[in-house]
Amino acid sequence: MTLPATTSPIPPAAEPEWLTSLNTAQRAAVEATEGPVLVLAGAGTGKTRTLTARLAYLLRTGKARPGEILAVTFTNKAAQEMTERVAALIGRPVENWWLGTFHALGVRILRRHAELVGLKPGFSILDTDDQVRLLKQVMEAEGIDDKKWPARVLAAIVQRWKDRGLGPENINVADAGDFAGGRSAALYMQYQNRLRILNAVDFGDLLLLCIKLFQRHPDILSEYQQRFRYLLVDEYQDTNVAQYLWLRLLAQNVQGGASHICCVGDDDQSIYGWRGAEVGNILRFERDFPGATVVRLEQNYRSTGHILGAAAGLISHNEDRLGKTLWSADALGEKVQILALWDGEEEARWVGDAIETLQRQEISLGDMAVLVRAGWQTREFEERFMTLGLPYRVIGGPRFYERQEIRDALAYLRVVAQPDDDLAFERIINVPRRGIGTATVQTLHTLGRATGCSLMTAAIQLCTTDELKPAARRALAKLIADFDRWRDLSRDMSHVELAGIILDESGYTAMWQADRSAEAPGRLENLKELVAALAEFENLNGFLEHVALVMENDGSTEGARVSIMTLHGAKGLEFDTVFLPGWEEGVFPNPRSLDENGAAGLEEERRLAYVGITRARRRLTILSVANRRIYGTWQSCIPSRFLDELPAEDIERSGSPGLSAGANRAVGVLREMRTGWQRAQLSSSSSGGYAPDDIYDEIATGDRIFHVKFGMGTVLATDMDRLTIAFDAAGEKTVVAGFVRKA
Ligand code: ATP
Ligand code: MG
């Protein structure tokens, strides 16, 4: 593919720095303004920077006015940053242009033509909760049992259809599945009708209705096609079918010639397959837009050599990829630090200490990030940073104790500890649904106000009278009895165990288990993590007090803060210093993703790891721990297979000095842990060929040993580096040999 010859209209002497600082390939992508352009390149090669420069270039050269450009970013934050960047580049604010996420752009178009798709101009946009509530109503009207067929599941099904660009009329019988006896498509239709009556749309509609509008009104489509002379799309690898269709329609040139669309992306960073993104879109670009200029960027400007080497080594284990070279003119820099620690608490402590050390070297907290695989992992870091007084923010999600499921679970615990906690009681009185409606709650309030008593007391009284309908009264009586029982249990039982019982018996866990939305598994994990957090406190009251204080300590501090976020949320961002904790089998790669999608799932997890590594500019630490407390019980963990895939020359391994007397021993431990995974693989594929490490040979069945966490015990069995031990106090446990000393 040859690049079209371009003569820059700006005289060389007057060329601004943002243009001259681009490398040849980047500049080619900026100046190839006519016709389709695909920039396909690895992380940190300046794709976003090139796209931003292209925007500025179009405006500066007068090739386009702001209103003639349509630019799509993956997040609202990215849109805002790009607006600021471009304004800075061209030296004036840009107004009246079309830059934003697919959703934001979609709603803007819909607002102008609401009537044509059956809406009135002031239509409202439902959030996920409203959406589920509405679906529930639709199902109720149809007499479908919400317990058997939860509305949330239907919401997820509908969303998937919308992501694939399918309206209710496009669903064929085979696609409908078995939800509610194959009635999902009909329910979808009714849901859409209800939305129209309410003059409302959900997120999926924002694009779907646009597509419909364009298909039914070619005149309007062509108006937009003429208006948007230049289209720019960042993170193209993560567009789903609906987004793709929307773009294709807008990018079709009216005259049948090539449209001026420029997409940038990286197939190695496609991480939203689970949400319907199709990496195929990027691979198909040249077919979709014939005559496309394809630009490859190979120089990475973000990361130092070792970080890049680690990333490249890791991603080379994926088979399903285009493959590309990346190089850096930067020094090799520091090696990627691979750290093996004892447990999650030590992990959080270590990261907190490292951040404080960097802070003392005048490195800004804003340049540091902790990137986790799953939402539950933020909790331990939040607690530690809180203790240290380190300002932090959780990006892309509420802080741990503010999450819906955590607040619900806490509400149960609060009512156990304190029956008169009205706010807590009201929060969960009908969560999960148990037939206590607003009318009943209203009656409780009225009685409470009249007699000056708490809701719980009012409830107890109303259970003995006839004010309430029998069904509501029965449900309320059962809930009160439940709380009485839990309160009784709390006298003898450990609060950790009790919490598990409450979550199960109340039906709260089951509610999320039945929920098949994308968020549900994460919420269940958060609940487990909450139980783990409880174990760190003597009793329930101590824990609740801690939470109250943590919540009050609401980071209103201005200034730089450490960022904590998920790997998914970190896409496109960069930080000087990055910590990647929890690289253990069972955490990362995420087992669910492996279960559901097999080899493809593993490759998507690996791309996620690649995204994580390539966020770092100068310092990268990857951590794994030997033990994690999951649901209150300790589990030994083996390091993530991804650690074994990092090239030896780019990394430096070390262990926690606190684990044993000498550093050498710590390295030995590490070697043991590292080979754990390889061994697991070996033993599954062949029986022989493995020469055991001789370090821990001295420990044999029957030996008395000492374990840092569990104390004294007797070895029952040995299996490579895993030991089964009868601890004097803690009972039988399986532990890693490296953490055990002969007594
Ligand atoms: P990702 O794939 O992670 O989204 P990207 O390809 O979009 O990465 P950018 O974020 O645009 O990469 O650039 C990475 C870093 O490299 C940024 O700090 C950017 O300013 C810098 N950079 C890119 N190109 C150049 C250049 N020609 N000269 C100097 N710095 C550059
Ligand atoms: Mg980018």
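Q: What volume does the largest cavity have?
A: In this predicted model, the volume of the largest cavity is about 110 Å³. The structure holds 8 cavities of 30 Å³ or more.

Q: Which residues line the largest cavity, and which of them lie nearest its centre?
A: The lining has 13 residues. Nearest the centre of the largest cavity lie Gly344, Arg379, Glu380, Arg628 and Arg629. At least two lining residues come from each of α15 (344-360), α16 (378-388), α24 (520-534) and β14 (616-630). The element that gives the most is β14, with 3 residues.

Q: How do the residues of that lining divide by class?
A: The lining of the largest cavity has 8 charged, 3 nonpolar and 2 polar residues.

Q: What is the volume of the second largest pocket, and which residues are closest to its centre?
A: The second largest pocket has a volume of about 1,100 Å³. Its lining consists of 37 residues, and those closest to the centre are Lys136, Asn430, Pro432, Arg433 and Met511.

Q: Which helix gives the most to the lining of the second largest pocket?
A: Helix α6 does, with 6 residues. Elements that each supply at least two residues of this lining are α6 (128-141), α7 (151-163), α17 (404-417), α18 (422-428), α19 (438-451), α21 (470-492) and α23 (508-513). By class, the lining of the second largest pocket divides into 16 charged, 14 nonpolar and 7 polar residues.

Q: Pro432 is in that list of central residues. What is the peptide bond from Val431 to Pro432, cis or trans?
A: As a general idea, most peptide bonds are trans. The bond from Val431 to Pro432 is cis, with omega near 0 degrees. Pro432 sits in the loop between α18 and α19.

Q: Which residues does the cis peptide bond with omega of about 5 degrees join?
A: That bond joins Phe588 and Pro589. Pro589 belongs to the loop between β13 (575-580) and α26 (591-613).

Q: What is phi of Asn96, and where does Asn96 lie?
A: The background is that most residues other than glycine have a negative phi. Asn96 has a positive value, near 60 degrees, and is a residue other than glycine. The location of Asn96 is the loop between α4 (76-90) and β3.

Q: What order do the strands of the open sheet have?
A: In general, strands of a sheet pair through backbone hydrogen bonds, either parallel or antiparallel. Here the open sheet has 6 strands in the order β3-β2-β6-β7-β1-β8, and the pairing is parallel. Since β3 (98-100) and β8 (293-295) stand at the edges with a single partner strand each, one side of each is left without a neighbour in the sheet. Direction ignored, neighbouring strands of this sheet are turned against each other by 10 degrees on average.

Q: How many bridges join β2 to β3?
A: Strand β2 (residues 69-72) is joined to β3 by 3 bridges, and the two run parallel. Leu70 stands opposite Trp98 in β3.

Q: At what angle do the axes of α9 and α10 cross?
A: The axes of helix α9 (residues 203-216) and helix α10 (residues 218-227) cross at roughly 110 degrees and come within 5 Å. Angles from 65 to 115 degrees count as roughly perpendicular, so α9 is roughly perpendicular to α10.

Q: Which residues make the contact of these helices?
A: From α9 the contact uses Leu213, Phe214, Gln215 and Arg216, and from α10 it uses Pro218, Ile220, Leu221 and Tyr224. By class, the contact of α9 with α10 has 6 nonpolar, 1 polar and 1 charged residues.

Definitions and conventions:
Residues are numbered from 1 along each chain as its sequence is written. Chains are lettered from A and ligands numbered from 1 in the order in which they are written. This is a predicted model: local features need pLDDT of at least 70, side-chain atom pairs count only at pLDDT 80 or more; totals for chains, interfaces and linings use all residues. Side-chain values use heavy atoms; hydrogens and water are left out. On a 1 Å grid over the protein atoms alone, a cavity is a set of points where a 1.4 Å probe fits but cannot get out, and a pocket is an open set with protein on both sides within 12 Å along at least five of seven lines; lining residues have an atom within 4 Å of a point. Grid points are joined across faces, edges and corners, and a volume is the space filled by probe spheres set on the points. Helices (H or I, at least four residues) and strands (E, at least two) are DSSP runs, numbered from the N terminus. Ala, Val, Leu, Ile, Met, Phe, Trp, Tyr, Cys and Pro count as nonpolar, Asp, Glu, Lys and Arg as charged, and the others, Gly among them, as polar. Axes are lines fitted to C-alpha atoms, for helices over the stretch in contact, and angles run from 0 to 180 degrees between N-to-C directions. Angles under 35 degrees count as roughly parallel, over 145 as roughly antiparallel, 65 to 115 as roughly perpendicular and the rest as oblique. Contact means heavy atoms within 4.5 Å. Two strands pair if DSSP finds at least two bridges between them.
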